[in-house]
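Me: Could you walk me through this structure with a few questions and answers?

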Amino acid sequence: MRNLSNNIRIKVKVLSDPLIRIVGIEETDIVVNKGRFSLNELINTLKSLIPNLEKVFQTRRLGREVFIAVNGQVIYDLNKVVELGGESRISIFTLGAGG
Amino acid sequence: MLLSRIVVWKDKARATFIPMVCISCPGMPCARVCPTGAIVKDEKTGMPKVIESKCLGAECGKCVEACPYHAINFNPEVHAYPLICDLCGGDPQCVKVCWPGALRIVELTKSFSKERFLLATQSLTKLNEVLKKFQR
Amino acid sequence: MKLYAVHGRILHVNLSNGKIWVEKFGNDLLSMFIGSRGIMARLYWDLVKPSTDPLAPDNVLMVGAGTFTGTPMPSAGRTIVTFKSPATGRYFKSSVGGDFGLKLKMNGYDIIVIHGASEEPVYIYIEGDHVEIRSAKHLWGLDVRSAHNELIRRHGVHADTLLIGPAGEKLVKYASINVSVYNVAARGGGGAVLGSKKLKGIVVSKGTTSVEVAHPKRYYELAMKVVRNIMNDEALIATAKFGTASATMGLDSTSTLPVYNFRKSYWEHAYKNSGEYYVEAGYLIGRVGCAQCIVSCHRHTKTNKFGGVDTVGPEYETSNALGGNIGNADTDALIKMNDLANIYGLDTISLGGVIAWVMETYERGYLKELVKELGTEPVWGNVEAALKLIEKIARREGIGDLLAEGLSRACRKVDPETCKWAVEANGLEHSRVDTRVAKAYALAFALNPRGPDHLHTETFAEFGFSEGAKKLIERITGHREWAGVGKVEGRPEIVKWHEEMYAITDSVGFCAFITTAGFAVDEYLMSELFTAATGIEKDAKTIMTDGERIVTLERIIQVREGRRRIHDTLPWRIMNEKIKTRDGKEYVVSAKELNTMLDKYYELRKWSKNGIPLPDKLKELKLEFTIPEALKALQSG
């Protein structure tokens, strides 16, 4: 039976160890509506679906100590609109050392 | 003696790294093939133990060939006798430096014994591929 | 006193006359110059004249293992390569990981020095006391991977190689030296130096000669402390997981990420060039580590595109140089380019700088004929054009012959106007951070003997990304709030500390991540490690003075080669074109700003206003043998 609903299942990955320790998971699937969201709306949705994610945003500034990548792009602007579809991926991480 | 019993075989062109270490196989081919009975099973750790006073050292080396896992580290220029993992007497140093936790010290249950055998066999298969690739 | 931690043995090989001999050194040299980098700088003073042509037989190339290499010290397996560079025309120190340095030491040598040139292609084989020059006719022309496999078949699975690829054979000015296939002493054209000597490479056998340390029990305790410090350093653990390209988003967020040939300093597609993305999208299939390292930040990556690629990399610099710098957000293409650079033996930073320059030059109306030669337009993000350019540069074919000369020479041949966007200085293409915004980096790059580059003195703490970084800035300057980019306060002090720490770090064989990107070892612990290893008493102050000695010796070497204040500079674009950050601020490194920092730095160092170390300072550092040269330079101006 075809999926006629507006729901899609997308993968959310918590990449960095310090964040995994806070959130308690490395990877999860969430079910959301297909369509356009502002980053702010998306973050609020994620916070409601993933327990403990709230704590990450309490102590870390977006675009400084925590980053969100949607569909292969890191978004800094809370007002920026993203399109979520069946192939979408979301990753959350903090910074490393590099060089 | 701070010499590692783990040998890492490397195929650098394929970024393939295969650590091999003794898994104290039940048959103990190293002990069986030793002409002087210099290898015995240590009662405390369950690992093979080299009795240096009985070992022929560089004049022999049969245990190295007999080990199916290439897990006996023998460099007479560095240390006169073969090096086989002895769990550092019960407090293995390697586990302390392995931050991803690939090396663990566990109670040897039947399930862990099986897992250890499987992992070692997987590594051996990879190692044999590498050795074959570089055979002349 | 007995020599500990090092063998005290330098292997000399002369390819012109086939002579092979061993030179011994003792505790005096070790105490003064700490290890590989310091000792080889001292050797360079004696062996390389200011008149030496880098591609002539009288240039030397030296490879040295660190003092802690071969002892149970984590992440202390780095190897130093020193030579006169055909790109810069001066003393050049390169750094590389892999296993070669460890195995060289396990064969009984701390350093190998290669003199002269062979008429026919050869390689050197080392098995303890047995050292042989062998024909490399069957290897000449082979890419690094193929040559390595052939040599391992011949010499056994536990041997290791140091090799040049076809680019080195063709004397490309940024041809690299590859160790263990994928670890690269990339910059400065070391590959071309070996190419000019017709030396395909060096093979070291398994090696069975170990070293002892002076105080084994204490050393082991300290080593375990370093292990714990590394494991508790979140920046290092993140680097282990995501590789050096975990720097990408940090730089993007602080507007220090140079893209489109330094025309912008942040990018909406930056994530595609990041270590996190390589993990998220499944490109990463394993991690690779250098000898003795428990971090293992190198990447084993794979893609099915471009005919299928299974390779190691891309590191941060490559991810940006061949990523955003050329407008490339195609990670599959990036992996392919990285593999080509690996196997042809090319420095990816210079390569990326050159390709970006081609793209900008074409955009501005030059090099129209390239479309015919490449079969496609060299425009931003055109990976087909980039891949074709890489093939041509490695072979010096067509436009590749010009581009193989590096930016400084290529831009002048095309039209001096194009040099305005040739982002290089002193003959070396600029590393991948926007120095208009990161001011400590700017000063360090201007002073760097190599040129505007990071792998000699990287002031990573300037970003203040971690608590360790902020604490270090506070310790050096007394002002925690001076951490962060866009600031000029305290930069000379920050650069001075980093130069000295780097000199020690390199010389003992530590990876820079241990001391300056992560903070597992500071100068206090370093001095304790050195004392326990060698038995030579050092404290934090004396070991940093040893670092200053090495830095100052490298400076007077370059002064003898003609370097003055005027060469302590940055590319034209960095000093003349403003860059705008995410929050709308504009930055540039003006001559005034640079001069202010240089004046303060020279004062701290006790160098003249023209950047020449003063005789009193040289005497204080026990570098008296260089004073006549300093006096000559001070007189002539």
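Predicted model: local features only at pLDDT ≥ 70, side-chain atom pairs only at ≥ 80, totals over all residues.

Me: Which way do strands β4 and β7 of chain A run relative to each other, parallel or antiparallel?
Reply: Residues are numbered from 1 along each chain as its sequence is written, with chains lettered from A and ligands numbered from 1 in the order in which they are written. Strands are DSSP runs of E with at least two residues, numbered from the N terminus, and two of them pair if DSSP finds at least two bridges between them. Four bridges join β4(A), residues 67-70, to β7(A), and the direction is antiparallel.

Me: Which residue is the bridge partner of A:Val70 in β7(A)?
Reply: A:Val70 has its partner in β7(A), and that residue is A:Ile90.
Strand β1(A), residues 7-14, is also joined to β7(A), by four bridges and in parallel. There A:Val14 stands opposite another residue of β7(A), A:Ile92. For A:Val70, then, the name is A:Ile90.

Me: Why is β7(A) largely enclosed by the rest of the structure?
Reply: A residue is buried if 20 or more other C-beta atoms, placed from the backbone, lie within 10 Å of its own, exposed if 12 or fewer, and partly exposed in between. Strand β7(A) covers residues 89-93, and it is largely enclosed because the buried ones among its five residues number four.

Me: How far apart are the closest C-alpha atoms of chains A and B?
Reply: Contact means C-beta atoms, placed from the backbone, within 7 Å. No contact joins chains A and B, and their closest C-alpha atoms are separated by 11 Å.

Conventions. Contact = placed C-beta atoms within 7 Å.
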